[in-house]
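Subject: Handover of a structure and notes on its features

Dear colleague,

Please find below the structure that I am passing on to you. My notes on what was found follow directly after it.

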Amino acid sequence: MANDSVGRVDTSWDWAGWAVVVVAVVLAVVGAGDHAGAWNDGSRLAAVESLVDRGTFAIDDSIYVRVPPTVDGMPRPYADTPPALNITGTLDKLLIDGRFYSDKTPVLSVLMAGLYRVWLAAGGPHAAERPDLFCWFLTLATSGLAYVLAVACVVRLGRVLGLTGGIGAAFPAAFAFATFAAVYSRVVNSHVVLLAVAAGLCLALARATRDGVTEWDRWGRPVVIGLLAGFAYAIDFGLAPGFVLGTLGYCIATYRRTLPVALVVLGMLPWVVAHHALNYAVGGTFVPANAVPQYLQWPSVNGLPGSPFTEGIMTGGLKHSPAGFVLYAADMLFGKKGFFLHNLPLLLVPGGACLLWLRRKPDRAAVGFALAVCGLGWLAYAANSTNLSGQCCSVRWFVPFLAPEFWIVGLVLRHFPRYRPDLLWLTLCGTGEGILMFWAGPWTPWMVPGYWGWVAVALVGWGVVRYRNRERKTCETADEESAHGMTQVGAGSHPAP
């Protein structure tokens with residue numbers, strides 16, 4: 001933990017971290033939607049409804065596929081805008097052996113079906129009777145809860161990293177309010193659920209130690225790490241390689257023993273097996289069913305539109321020339337839907353990761369984990385897509401990246417305090433942007449109002465902050481060199497002259 005000048009931990013701001021969690025709870029409750037707003041959440045809700053009410057993964061008869069006629073006073077499955085949704089229903093679906101199925105990963109749909117059964121057992125109405133209450137409950141019980149849990153994990157992560165005082169409160173506040181995490185709590189989606197899993201995984205990894213102190217450290221924590229990484233695998237197959245390889249690499253570097261790494265692998269296996277078993281049961285394939293081109297081809301039937309997907313725009317398969325790939329990959333990070341420019345505090349990550357790698361050898365495993373998860377996931381989606389994840393706020397596929405990248409931010413704040421004013425400025429600008437994103441909703445077809453203006457103000461102001469802190473950098477570098485010299489003395493060497 002970070003101590004003050006008299007060797008005591010600064011606890012004066014401890015309340016503020018949990019106040020951030022309370023505000024996150026309020027946002028999750030107030031923002032929870034009571035209708036599907038796009039093909040994406042309509043498809044997931046259709047799968048859950050069909051599993052419980054009809055006992056099948058097939059969604060042909062779901063109210064989110066065959067939208068019932070309008071009845072005065074009755075709530076509709078979809079939002080009024082755009083009006084086409086209540087005519088066509090979701091088009092995020094697969095035609096397999098003459099029946100329609102959701103194109104979403106099945107494991108999460110099965111878990112959500114369990115929540116729906118609890119809802120019915122408690123006296124809640126069926127989806128067809130009250131689609132508004134059905135949607136509101138599942139939004140709150142999945143996306144809303146996931147957002148709150150992710151924020152709570154980041155609060156704990158800050159404590160583990162030794163961030164106390166005001167910066168210990170600013171760190172989770174930046175995550176909760178100055179990113180697009182909050183806006184994805186408003187609708188049913190897998191991305192914010194995976195964010196909560198990723199945040200829990202980062203916290204578990206940060207607390208992993210080479211020499212276990214308790215039985216939990218030796219046996220329990222590695223299994224939990226494996227379960228979280230395996231759950232991530234089952235939620236988004238596109239990000240699965242990064243989570244698996246990053247977790248294994250971190251654990252190998254940290255534990256340096258066979259047993260805990262083996263326990264991590266054993267923890268992953270149930271989710272990996274469940275994902276592929278369910279995926280095969282639905283699509284007859286071990287690759288993602290939504291990556292099979294023939295499943296995304298269906299004609300217009302009974303006045304309903306045919307498939308909007310062609311092999312050129314569906315996600316899956318290499319899509320670009322080398323030059324096109326570079327431009328598209330850069331656009332995903334810094335373009336009009338750019339990940340970094342919609343999450344301004346993360347502008348500290350690229351330089352901060354390099355700084356940690358060069359000057360903080362103990363933190364290289366964390367940098368490697370973040371690079372594996374975010375780098376491999378970014379490259380996979382850049383190579384296999386063309387549509388920047390469709391009509392949504394920024395690139396929705398990258399929502400889970402917030403957790404490992406904030407781990408890097410926390411390490412930078414801990415070891416290089418000169419960047420703390422940078423975080424405060426970027427958080428201030430990002431919160432304004434975050435409010436506008438939360439207001440517009442996740443499925444907006446428009447850019448954040450004044451988007452490039454927000455970005456320009458943030459970058460210019462950040463430059464001013466950097467310029468004014470150049471003297472602090474000099475002092476901090478001298479302190480680091482002094483500390484390095486003392487470390488060498490303690491190791492039996494001589495301090496640098």
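Where is the place of L388? The residue belongs to the loop between α13 (364–384) and α14. L388 has a positive phi of about 55 degrees although it is not a glycine, and it is buried, with a relative accessible area of 9%. Please bear in mind throughout that this is a predicted model.

Overall picture

The protein has 17 helices and two strands. Of its 497 residues, 54% are buried. Among contacts between residues at least 6 apart in sequence, 76% join residues at least 24 apart. The accessible surface comes to about 21,400 Å², and carbon and sulfur atoms account for 66% of it.

Backbone features

Most residues other than glycine have a negative phi, and most peptide bonds are trans. R256 is not a glycine, yet its phi is positive, at about 55 degrees. This residue lies in the loop between α9 (240–255) and α10. Is R256 buried or exposed? With a relative accessible area of 57%, R256 is exposed, whereas L388 is buried.

The peptide bond from T81 to P82 is cis, and its omega is near 0 degrees. P82 is located in the loop between α2 and α3 (85–88).

Helix α2 (residues 39–53) has 15 residues. From its first C-alpha to its last it reaches 20 Å, close to the 21 Å expected at 1.5 Å a residue. The helix is mostly covered, with 13 of its 15 residues buried. S50 is found in α2 and is buried, with a relative accessible area of 0%. Leaving aside residues up to four places away in sequence, S50 touches G55, T56, A58, I59 and S62. One of these contacts, G55, comes just after α2 and takes a positive phi of about 65 degrees.

Helix α6 (residues 165–177) has 13 residues and reaches 19 Å between its first and last C-alpha, close to the expected 18 Å. Of those 13 residues, 11 are buried, so that α6 too is mostly covered. The buried residues include G165, G168, F171, P172 and F175. Which helices are included in what covers them? Among them are α1 (14–31), α5 (131–160), α7 (190–206), α14 (402–415) and α15 (420–440).

Aromatic rings

A search of the whole structure finds 22 aromatic pairs. In one of them, the rings of F100 and W298 have their centres 5.4 Å apart and their planes at 80 degrees, so the pair is edge-to-face. F100 lies in strand β2 (residues 99–102), while W298 lies in the loop between α10 (258–283) and α11 (322–334); the pair therefore ties together parts that are 198 residues apart in sequence. F100 is buried, with a relative accessible area of 17%, and W298 is buried as well, at 7%.

The pair of F334 and F340 has another geometry. Its ring centres are 5.3 Å apart and its planes are at 15 degrees, so this pair is stacked. F334 is partly exposed, with a relative accessible area of 43%, whereas F340 is buried, at 8%. Both residues belong to one aromatic cluster, which is formed by F180, Y184, F334, F339, F340, F398, F401 and W443.

Two arginines are placed over aromatic rings. R186 lies over the face of F438, at 5.2 Å from the ring centre. The charged end of R364 sits over the ring of W357, 5.2 Å from its centre.

Cysteines

How many disulfides does the count give? The count comes to zero. C392 is in no disulfide, and the nearest cysteine sulfur, that of C393, is 7.4 Å away. C392 counts as buried at 5% relative accessibility, as does C393 at 4%.

With kind regards

Definitions and conventions
Residues numbered from 1 in each chain as written. Predicted model: local features only at pLDDT ≥ 70, side-chain atom pairs only at ≥ 80, totals over all residues. Heavy atoms only, no water. Phe/Tyr/Trp six-rings, centres within 6.5 Å; stacked < 30°, edge-to-face > 60°. Helix = DSSP H or I, 4+ residues; strand = E, 2+ residues; numbered from the N terminus. Buried < 20%, exposed > 50% of the residue type's maximum accessible area, 1.4 Å probe, protein only. Lys NZ or Arg CZ within 6 Å of the ring centre and 35° of its normal. Expected span 1.5 Å × (residues − 1). Contact = heavy atoms within 4.5 Å. Areas by Shrake-Rupley, 256 points an atom, 1.4 Å probe, with all protein chains shown as cover. Disulfide = S-S within 2.5 Å.
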